[in-house]
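Morning, everyone. Please bring the structure up on the screen, and I'll walk you through a few parts of it.

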Amino acid sequence: MPPIPQPQISPQSMTQPTSRIETRDERGPTRNAVTPPRPAPARPKPVTAQRTVAPRPPAGIPQPTYVAPTGPLYATDQMLVVRGLSVVRGKKTLVHEIDFAVDRGEIIGILGPSGAGKTTIIKVLTTEYPCSVGQVSLGGYDLASQARLAKQVFGYVPQETQLYEDLTFLQNVTYFGGQYGLDQAYLYEKAQRMATVVELGDRLNDKVGRLSGGQKKRVSVATALAHDPEFVILDEPTSGLDPATRRGLWKFLKSINQSYRVTMLITTHFLDEAEYCDKLLIINKGRMVAYDSPRNLKARMPGEGKAVELEMFTLDDYVSAKLSQFEAKAKREDVAEMVDRSGYRVKVFCTDISRATSRIPLLLAELGLGFKAMNVVDTSLEDVFIYMTGERFREDE
Amino acid sequence: MGFREIKHIFRNEFDVISSDKKTFALFLLGPILVMAAFGGATMRSSGELIKVNVVIVDEDHSALSSNLVSRFEQSKYVDVKYKTDRTTAEQLFKEGKIDAIVVIEQGFENKVRTFYLSSSSEQKARMDLLVDNSYFIAPVAVPLALQSVMVDFYLKDVPKALNLPTNQVSPEVIEQIVARLQVVNVDVKLAYGDNMPFFAVTFPLLTPIVLFTFGLFMCGLSIVGERIRGTLPRLLKTPIRRSEIIIGKLLLYLIIALWHSVVVLVLSTVVFGLAVRGGVLLLFAALFLTSYTGCTWGLFYSTFSKGERQVVDLQSYTMIIVMVLGGIIFPISTMPTAVQVIAQGLPLSHSLSALRAIAVKGLGFEFVAWDLLYLLIFGTAVLLMALISFRLIKD
């Protein structure tokens, strides 16, 4: 299947009111205004068909019906469409005009420092906050009018584990899974399978309060997956975990994503984790900065993903002043587009790397400034963030 | 001991308690509410605190019997609610609308005259009193009322009716007159609770408190417990409705409330010898409905309380106010009219009334139907308030 074209984020799309999103029930021959037209491919298989799970939905819950498009395709493989989302609480606008779409099976990372608006977006997607402006469709359901149906589609892993610590792993899974109308026998079986998947098979009957922080996170993820959601929302799942546990959790999430084609939306303030995502939504101060794959984001940087990094001998007021002069001069001579200083290291972002590597030593020599080493390095997501927002990403927040 | 450290702790504690506006407001307003209830319940004079509602049956309709009725009306211990015939009076008494019946029999004045002239005890005039012994107030108030009524009656009304001089006589002479003028045979009978064990008499007073408190405290932490554990936000992100959470929790607590009611019933009857006169099922219904009101009230507090401290404070103040105004400590009939309206609105007053009627008076469904229905309506109304409150609160 060819990749589904993603809506391009342009200043226009971020400022102008966007079109209404069709929901599952409304799908039909009408072209979806927000998705570009393309030849209609075969309808994708329902995700649940690939899994060995009990039939869904539970009795009494109306199941959305996919209407095979006869005209230009409605993107049935789009799990989430967010258009012109703004959230106003009281007098404060928490997020402004967010636009993005998520394809089925993708892992999307929402990246931004604390207070950027990540949790607000999560709260809208989990129906805790209403959208003040704009429209959100999750799994084909409009969140404003079909919130209860949308809740059937997603599983939620909160930042804090939010589990019953006095209950066992098994009891938590069956309790939360039971809210989706699944029968207890199925949930028992599912809990046992999930316990094996999260490598806690021998702790299924242990009270959650007795588990370590990392184990609780895994129980939390297992609980969110109990009802076989097509979409999992994870709010800073690795927050508070040690690096080894973080890596382990990511390995587990990737395996779930690949095995079951579960779409995931993850907020994080760890830039290294963002590399695991298929796409990144970068937000800062409530505004959307960029939405693309990590590779493409880096490619947008001058130097096509490369930068010149200098390592200085010392960093005192004299050197600092000289570096400011160097930055001004380098920009004036088109040697650098942006210079980022972090401790002893100075990163120079430029379009022409080879020219920069020859000119930078000369410019520094003219200023009487020596340096320890000069290397051409790959740009990181932190560089992308700094380049796009003009601010340093603070992981510690 | 460092002053600075103490100051820091003081400041921090103030910041903590004042950060939750509702709890802090409760700290400041709670004693005002409790004292308002206490003052409202007892704001009349001490004598009126033990005032009883009385129906007078004057079968004689003579001048002397009218004087006696007037003496009752003037007594600070008596509130003459009705003056009617014997049958109606007995019905009112049965319905629990009055605490005592005073019957002045036919020929009262004539018998007073005859007795005075002939000193024949067989001709002594009779005044019968039937006193509700199922509640502590009437047995205390009636003797006090009789004392005040009869002294004036003997010293002023009877001598006047017999044309005896009452002015300028020494106390010794008055004593002699009074001794001679014991012309009325006052026959006081205790209805209900006579020869009953003390447990049976106190049963209607204590069990509503016990069951209501269990319900209130049990359900008070149900929703707030989810908030404290942090599980509520996660739960609300599942397809479950808020109303389903409330009803699901309430059902469990109602099963526990059923158990509480069974325990109270079984222990009271089997172990402590309570003879249920008005029907075991009816008593069970009254006990369970009392628990039900406690449960729904606790659940209501739980829907909007932010923390354990807030809900416990609310529960404590509620218990004090309900006990003060519910007729358990102070009789509702002695409270000012406006306070009576509030008191009659509280579930405990109806629970008390129903339990007295069933357990002590031995009355049937028709006499407690309103109290039971009120408990059901009250509990359900508070449940609706809990549903609305939980819907409005943003978690």
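This is a predicted model: local features need pLDDT of at least 70, side-chain atom pairs count only at pLDDT 80 or more; totals for chains, interfaces and linings use all residues.

**A sheet, a helix and a contact**

Let's start with one strand pair. Strand S11 (residues 306-311) and strand S13 (residues 345-349), both of chain A, pair in the antiparallel sense, over four bridges.

The scores are ipTM 0.72 and pTM 0.75. For chain B, the average pLDDT is 85, and 91% of the residues score at least 70.

Now zoom out from that pair. It belongs to an open sheet of four strands in chain A, ordered S12-S13-S11-S14, with antiparallel pairing. Which strands stand at the edges? They are S12 (338-342) and S14 (373-378) of chain A. Each has a single partner strand, so one side of each is left without a neighbour in the sheet. From one strand to the next, the twist averages 25 degrees.

Next, the helix on this sheet. Helix H12 (residues 381-389) of chain A lies across S11, S12 and S13 of chain A. Relative to S12(A), helix H12 of chain A runs at about 125 degrees.

Last stop: the contact between the chains. How many residues does each chain give? Chain A gives 14 residues, and chain B gives nine residues. On the chain A side, helix H3 (residues 147-153) supplies the largest share, three residues. And the make-up of that chain A side? Six nonpolar, five polar and three charged residues.

That's the tour. Over to you.

Terms used
Residues are numbered from 1 along each chain as its sequence is written. Chains are lettered from A and ligands numbered from 1 in the order in which they are written. Two residues are in contact if their C-beta atoms, placed from the backbone, lie within 7 Å. Helices (H or I, at least four residues) and strands (E, at least two) are DSSP runs, numbered from the N terminus. Ala, Val, Leu, Ile, Met, Phe, Trp, Tyr, Cys and Pro count as nonpolar, Asp, Glu, Lys and Arg as charged, and the others, Gly among them, as polar. Two strands pair if DSSP finds at least two bridges between them. Axes are lines fitted to C-alpha atoms, for helices over the stretch in contact, and angles run from 0 to 180 degrees between N-to-C directions. pLDDT is the predictor's confidence in each residue, from 0 to 100.
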